[in-house]
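The sequence and structure come first.

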Amino acid sequence: MSGFRSDFLRILAERGFIHQCTDPEALDALAASDRLVGYVGFDCTADSLHVGNLLSIMMLRWLQRTGHRPIALVGGGTTKVGDPSGKDESRRLLSEAEIARNKKGILHSLEKFLDFGGGGALLVDNADWLDRLLYIPFLREVGRHFTVNRMLTFESVRQRLEREQPLTFLEFNYMVMQAYDFLELNRRLGCRLQMGGSDQWGNIVCGIELARRADGSQLFGLTCPLLTTASGAKMGKTAQGAVWLNENRLPPFDYWQFWRNTEDADVGRFLRLFTELPLAEIARLERLQGAEINEAKKVLAFEATRLAHGEEVAKKAAAAARSLFEGGRASIEALPEIVVPRDRLAEGVPVIELFTLAGLVKSRGEARRLIRGGGARLDDRRITDEHLVVGEADFDSGHLKLSAGRKRHVLVRAA
RNA sequence: GGAGGGGUGGCCGAGUGGCUAAAGGCAGCAGACUGUAAAUCUGCCGGCGCAAGCCUACGUAGGUUCGAAUCCUACCCCCUCCA
């Protein structure tokens with residue numbers, strides 16, 4: 001598979017992005033000779049993208065870097081329907097206002113990775129065409145190219161039917177709409193390629209078939225593997241939920257930490273997928289053994305954070321981690337922080353409450369347990385008294401560091 | 001339409017009148033060991049409370065009882081077999 005002539009496919013193949021691809025030779029020839037337009041769809045269910053979307057985002061980024069044009073499609077229209085893929089239950093429907101807010105957040109995520117400047121990447125919303133469709137004309141133009149027989153064979157549909165879980169007609173239409181998106185993007189913007197996770201294969205192929213039947217044009221599909229960690233856990237999920245790309249959802253320091261705590265066995269693979277370091281450099285890092293592999297993890301954390309949050313922020317996160325874990329001066333400015341008014345401090349605030357405010361624990365009871373278990377620290381001193389009250393006197397330096405375990409820290413600032 | 005089985009904490013899954021905030025497992029959190037890894041071991045793991053205790057919770061709504069996840073009634077949902 002590595003005999004690709006185009007930079008785009010060669011890089012994706014070398015770095016491990018390619019799971020399945022329709023007609024790779026023809027796509028390669030196209031990418032080698034022309035400016036290719038390709039897209040990925042993101043659904044609109046949250047106001048930030050997360051690490052689970054990162055493979056797709058990186059594919060778009062490489063598309064742009066190798067001289068082609070990436071399109072990010074947000075599913076403002078399809079989100080009103082809900083994708084049955086892989087879900088065993090229907091998604092809840094979102095209101096227009098929620099969708100608008102989510103779109104803004106998604107653009108914020110993407111802007112870090114793609115250049116939306118003139119002639120560059122494009123952000124489109126399929127609501128622009130889906131909202132205006134008329135039922136009868138749509139059925140006549142598009143619906144006639146789909147057979148229900150074929151639709152029933154798709155994995156997402158079959159699963160629902162086999163488990164005898166309800167699949168509404170609304171959801172059943174999801175693949176038709178996604179297929180139509182591809183057709184529409186091809187007609188409007190000359191888009192020839194759709195990429196996505198391997199779970200999107202069926203939907204993508206649907207679009208390719210539709211375009212062939214409706215317009216006689218050849219479109220292409222490319223999917224990336226579904227990522228799991230070496231231990232088999234789903235990539236990008238932690239205890240607190242998804243690993244978000246937007247800083248308002250997840251502090252950059254925590255993002256950095258997420259990558260820093262990668263399992264040994266995943267380091268090489270992740271460096272290839274989630275950074276843009278040269279492969280030779282990655283090969284060198286990957287060969288590090290024992291404790292030395294920590295160097296590779298720091299590089300991974302820095303590079304990944306740089307892409308998502310910028311170089312300055314990545315440096316701060318790295319510095320904060322260094323001071324936290326490797327001693328050295330207090331360079332803790334990148335830690336997540338909360339602000340407590342001075343007059344409240346004057347009255348005295350129970351530590352238990354501080355931990356709850358900082359979001360390090362979910363309830364006061366959990367804070368107590370943390371203290372009893374010896375996992376709570378205040379400026380690196382273990383807290384032994386769960387009734388401890390923090391007052392203004394504890395804030396000579398203007399801030400106080402709360403720690404839950406070795407890895408989770410929040411800075412409390414007096415204001 | 002008929003017969004039977006079932007809905008329990010984030011998930012799986014025991015529990016058939018008080019000893020049940022509910023066994024066990026998974027996931028999670030913390031501690032120890034390490035390399036901020038993995039594996040292992042220990043503790044914790046509904047909310048409020050210093051505690052005693054109070055509140056919330058075993059599909060939903062009622063009822064029986066001193067006392068119900070457990071018994072009764074109705075309803076909703078799911079599964080298996082038959083027509």
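A residue counts as buried when its relative accessible area is under 20%. The model is predicted. By that cut-off F270, at 3% relative accessibility, is buried, and W259, at 0%, is buried as well. F258 is likewise a buried residue.

Across chain A, buried residues make up 52% of the 415 residues. The chain contains 19 helices and 15 strands. Of its contacts with a separation of 6 or more, 72% are between residues 24 or more positions apart. The accessible surface of chain A is about 19,500 Å², and carbon and sulfur atoms account for 50% of that area.

The structure has seven aromatic pairs. A pair of aromatic rings is described by the distance of the centres and the angle of the planes. Two of the pairs, both involving W259, are listed below.

| Pair | Centre to centre | Angle between planes | Geometry |
|---|---|---|---|
| F258 and W259 | 5.0 Å | 80° | edge-to-face |
| W259 and F270 | 6.0 Å | 85° | edge-to-face |

Which helices hold W259 and F270? W259 belongs to helix α12 (residues 252-260) and F270 to helix α13 (residues 267-274), so their pair ties together parts that are 11 residues apart in sequence. Ring pairs also extend the group: Y255, F258, W259, F270 and F274 are linked into a cluster.

A contact of another kind involves W244, where the charged end of R249 sits over the ring, 4.1 Å from its centre.

How values were computed
Residues numbered from 1 in each chain as written. Chains lettered and ligands numbered in written order. Predicted model: local features only at pLDDT ≥ 70, side-chain atom pairs only at ≥ 80, totals over all residues. Heavy atoms only, no water. Helix = DSSP H or I, 4+ residues; strand = E, 2+ residues; numbered from the N terminus. Buried < 20%, exposed > 50% of the residue type's maximum accessible area, 1.4 Å probe, protein only. Contact = heavy atoms within 4.5 Å. Areas by Shrake-Rupley, 256 points an atom, 1.4 Å probe, with all protein chains shown as cover. Phe/Tyr/Trp six-rings, centres within 6.5 Å; stacked < 30°, edge-to-face > 60°. Lys NZ or Arg CZ within 6 Å of the ring centre and 35° of its normal.
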